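Please take a moment with the sequence and the coordinates before reading on.

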Amino acid sequence: MMLPCHNNLSLTNDRSPRLPRSRCRRWRQSRTGTAVVAVAALLISTTAWLSLVFSGTTTRCWRRFKDWEGSPHFLSRSLPWSSSPNRQSIPPPLRFESPPAFPRNRSLSESGNEKKELLLNDIVFGIAGSSHLWKQRKELVRLWWRPLEMRGHIWLEEQVPPEEADDSLPPFMVSEDISRFRYTNPTGHPSGLRISRILTESFRLRLPNVRWFVLGDDDTVFNVDNLVEVLNKYDPSEMMYIGTPSESHSANAYFSHSMAFGGGGIAISYPLAEALSNFHDDCIERYPKLYGSDDRLHACITELGVPLTREHGFHQWDIIGNAHGLLSSHPIAPFVSIHHVEYMDPFFPGLSSLDSLKLFTKAMRVEPRSFLQRSICYDHVRRLTFSVSLGYVVQVFPNIVLPRELERSELTYIAWNKLGHHHEFDHDTRDSIKSVCKKPVMFFLKDVMKDGNATLGSYARAKAKDDLKRKVFCFPRSPPLQYVQNIQVLGYPLGKNWHLVRCVLIIVSQVFFPFR
């Protein structure tokens, strides 16, 4: 046994062995030499390994091995289920291609970067109708349809008598049989299947030079000039799904907040319609439990990954009663459509529903871009507020009302499900004014005409039931504009990009109020 050397080694036992100094020195030298030899050997071996790894021969051998490893020979030997002599080779991955059975739409394959202006004739309308209701609904379609400028069809479940045909209305088409499709919703109606296929059946007509398909109902009223303006903002060569959800929160929660409601109008670009036509029938078979047509169309579009592009001028109008609160607070957006007009009170006092709609659409045609756009003016001397909804009404408030309050829709209506509280609607609302002293005086549109480049609208004072109460309970303050019976509003045409400007003063500067 070798004991360590210490220069100052002291042992308590005098008989313990004591190592000489020369032996301790030799032991240290041998240990140092062993360490030097080990380090030198490590350096030499590392150098040799690096030279071998980075040599050209080794690199070539490694590449050949990897090539062989990825070959079928390697797979046949390494995969246990491939050892059978009858083994079939692994097929290449499938490539799904839809062969063009028809020539591509010419309007979408035009070369060049020039943007082509959208025309009304570039749109094909698919209007969902019912043969049982067509006799009265056709008068609603007549209000906005232009037979010489527009293309489209009324899609019915069965043929109507020949005497119902009218050259001033869209031609009829009978939908295909839907009995082969499953429908299991306990509260809906299978007609939703038929209506959901109107887009596909319209596409399969292969009409030339189509850029957009627009879907609606036979009780939908379209402002087609603004529709063209809105769609002209988008690229029709892309997959586009344009519309808006319902005003009713319950309806949106039941169906989807990202679904366009067809009564208010749905715009589908040609490429999206083409993609849907390839698999729509198979798609709706996957959704037999859905309620109607809009949710089936939305489900299939969602499978393609196309989101909803919201345009606030499309109006589903799932409301009942007096639509004044919505008409007088239209958002700063081009008015495109309204729906369920048969369930509304007449828009203008003293007129029937149909006559009100005729005056309504007349104002819409005279100046479509500024129609229903709101202007707010103040008379600080008399402390009056003028809220003008062009083409509909002038409201004169007996006090100063700020724009933030007027932007909210007055709850003069209830939802489709008969609920009327604030939480039922997905837009800003406010309660109707209870105090007769704070209620506005209404001047409703009586007539509208072109005056050169401007639009001249005449608005007549409406008789209110509480006029006598106002005179008694609000004394000594008299009603605003007590002796004014008519107001004329002169409006000038707006620029193309007017909807990008949120400042009310831009519109106010173009409206005058000559009283007489």
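**A central strand and its neighbours**

The residue that F213 has as its bridge partner in β7 is I268, and in β7 the bridge partner of W212 is S269. The model is a predicted one, in which local features need pLDDT of at least 70 and side-chain atom pairs count only at pLDDT 80 or more, while totals for chains, interfaces and linings use all residues. Residues are numbered from 1 along each chain as its sequence is written, and side-chain values use heavy atoms, with hydrogens and water left out. Helices (H or I, at least four residues) and strands (E, at least two) are DSSP runs, numbered from the N terminus.

F213 belongs to β4 and there stands opposite V124. Strand β1 (residues 123-128) is joined to β4 by 6 bridges, and the two run parallel, whereas 4 bridges join β4 to strand β7 (residues 266-269) in an antiparallel arrangement. Two strands are said to pair if DSSP finds at least two bridges between them. Strand β4 itself (residues 212-217) is mostly covered, with 5 of its 6 residues buried; buried means under 20% relative accessible area, exposed means over 50%, and partly exposed lies in between, using a 1.4 Å probe and protein chains only. In a regular strand the side chains alternate between the two faces of the sheet.

These pairings belong to an open sheet of 7 strands with mixed pairing, whose order is β3-β2-β1-β4-β7-β6-β8. Its edge strands are β3 and β8 (309-310), each of which pairs on one side only.

**Helices around the sheet**

Helix α9 lies across β4, β6 (241-243) and β7, and runs at about 85° to β7. Helix α10 packs on the sheet as well, touching β4, β6 and β7, but its direction makes about 30° with that of β7. For such angles the axes are lines fitted to C-alpha atoms, for helices over the stretch in contact, and the angles run from 0 to 180 degrees between N-to-C directions; contact means heavy atoms within 4.5 Å.

Which residues are buried in helix α4 (residues 134-142)? They are W134, R137, K138, L140 and V141. Seen down the axis of α4, these buried residues fall within an arc of 155°, so they line one face of the helix, the arc being that of the directions from the helix axis to the C-beta atoms. What covers them includes β2 (151-156), β3 (172-174), β5 (221-222) and α12 (353-366).

**Disulfides**

The structure holds 2 disulfides, a disulfide being a pair of cysteine sulfur atoms within 2.5 Å. In one of them, C283 and C300 have their sulfur atoms 2.1 Å apart, and with -110° about the S-S bond the link is left-handed. Because C283 lies in helix α9 (residues 270-285) and C300 in helix α10 (residues 293-303), the pair ties together parts that are 17 residues apart in sequence. Both C283 and C300 are buried.

C437 and C474 also form a disulfide, with sulfur atoms 2.0 Å apart, and their link is left-handed with -105° about the S-S bond. This pair links distant parts of the chain, since C437 sits in the loop between β16 and β17 (441-451) and C474 in the loop between α14 (467-473) and β19 (486-491), 37 residues apart. C437 is partly exposed, with a relative accessible area of 29%, while C474 is buried at 10%.

**Aromatic pairs**

Rings of Phe, Tyr and Trp (its six-membered ring) pair if their centres lie within 6.5 Å; planes under 30 degrees apart count as stacked, over 60 as edge-to-face and the rest as tilted. By this rule the count comes to 21 aromatic pairs. One of them is the edge-to-face pair of F335 and F371, at 5.5 Å centre to centre and 70° between the planes. F335 lies in the loop between α11 (324-327) and β10 (337-338) and F371 in the loop between α12 and β11 (374-379), so that the pair links distant parts of the chain, 36 residues apart. F335 and F371 are both buried.Y343 and W416 form another edge-to-face pair, with 4.9 Å centre to centre and 75° between the planes. This pair too links distant parts of the chain: Y343 is in the loop between β10 and α12, and W416 in the loop between β15 (413-415) and β16 (429-430), 73 residues apart. Y343 counts as partly exposed at 41% relative accessibility, and W416 counts as partly exposed at 35%. Finally, W317, F335, F347, F360 and F371 form one aromatic cluster.
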